Amino acid sequence: MPTDQLSVTFAALADPTRRAILARLAEGEATVTELAEPFSVTLPAISRHLKVLEHAGLIVRNRAAQFRPSALRPEPLADATDWMETCRATWEARIDRLDAHLKEIQRGPKNA
Amino acid sequence: MPDSTPLQTAAQQVVIDRIFDAPRELVFRAWTDPDQVAKWFGPEGFDIPRDSVVIELRVGGRFELRMVSSQMGFDSRLEYEILELVEPELLVLRHAPKPELGIPDATLTRVELHDENGKTRMVLTDGPYLESGHAATGWSQAFEKLAGLVSTGTSG
């Protein structure tokens, strides 16, 4: 698991405007102008956010099409949630075995 | 069926709140007796070689073991230091960063054991994972949105 990629993903997500942009892109691709509309920020500001998201691999920008629409690329998001899920699942599985172990030593002869 | 609640899979901490039908002295011993730790500390599919378990039961002592899965070709040594120890209610372990396992920062594992009429409520927190020095804020909100984003994002 490339930790650096995950760090980049989480850094990109640590901004409410960028999260809102991703939420908008989850509905379909959009141009910079369309993305700027709901926010009270300038086009250059939106462009900077898009650059961060693109660098993190969270969006792709179509450079061939007019107005270079952005589209969501959800794979890094999935990797990020998968990683946390793995950490949690490891502990869950471990604690299941602890539970079974505690039952066993209480059921068996008292030599635990 | 034991009750188990992952309180915030979301943020960078793993939190597990679980009730065991056993007195907490027993649960505490299961956490601190090398023979017993070797039996349960590996998740399903993982083994803890008994001779790899070293537990120096004192503050500042080592809490070390190897986790092996021949199936997955996984063999890793966990090296914790005991930071806090209050028998039979508290155990706090610190693990040094392990970048090769995707753990860039030191993690703390806190095990609280609460007596509840002869049963034991264990509250375990472990983390942080994925902490980033310059992005400490906004984690939980970010994660709140993640699940929704991933589901809507992948379907479209």
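Me: What makes a residue buried or exposed here?
Reply: Buried means under 20% relative accessible area, exposed over 50%, and partly exposed in between, with a 1.4 Å probe and protein chains only. The model is predicted: local features need pLDDT of at least 70, side-chain atom pairs count only at pLDDT 80 or more, and totals for chains, interfaces and linings use all residues. Residues are numbered from 1 along each chain as its sequence is written, chains are lettered from A and ligands numbered from 1 in the order written, and side-chain values use heavy atoms, without hydrogens and water.

Me: Why is A:His49 called buried?
Reply: Its relative accessibility is 15%. The cut-off is under 20%, so A:His49 counts as buried.

Me: Which residues are in contact with A:His49, neighbours within four places in sequence aside?
Reply: A:Asp15, A:Thr17, A:Arg18 and A:Ile21. Contact means heavy atoms within 4.5 Å. A:His49 itself is found in helix 4 of chain A, residues 43-55.

Me: What makes a run a helix or a strand?
Reply: Both are DSSP runs, numbered from the N terminus: helices are H or I with at least four residues, strands are E with at least two. Chain A has five helices and two strands.

Me: How do you know that strand 4 and strand 5 of chain B pair?
Reply: Pairing takes at least two DSSP bridges between two strands. Eight bridges join strand 4 (residues 62-69) to strand 5 (residues 74-86) of chain B, so they pair, running antiparallel. B:Phe63 stands opposite B:Tyr80.

Me: What joins strand 5 to strand 6 of chain B?
Reply: Six bridges, again antiparallel. B:Leu85 has B:Leu91 as its bridge partner.
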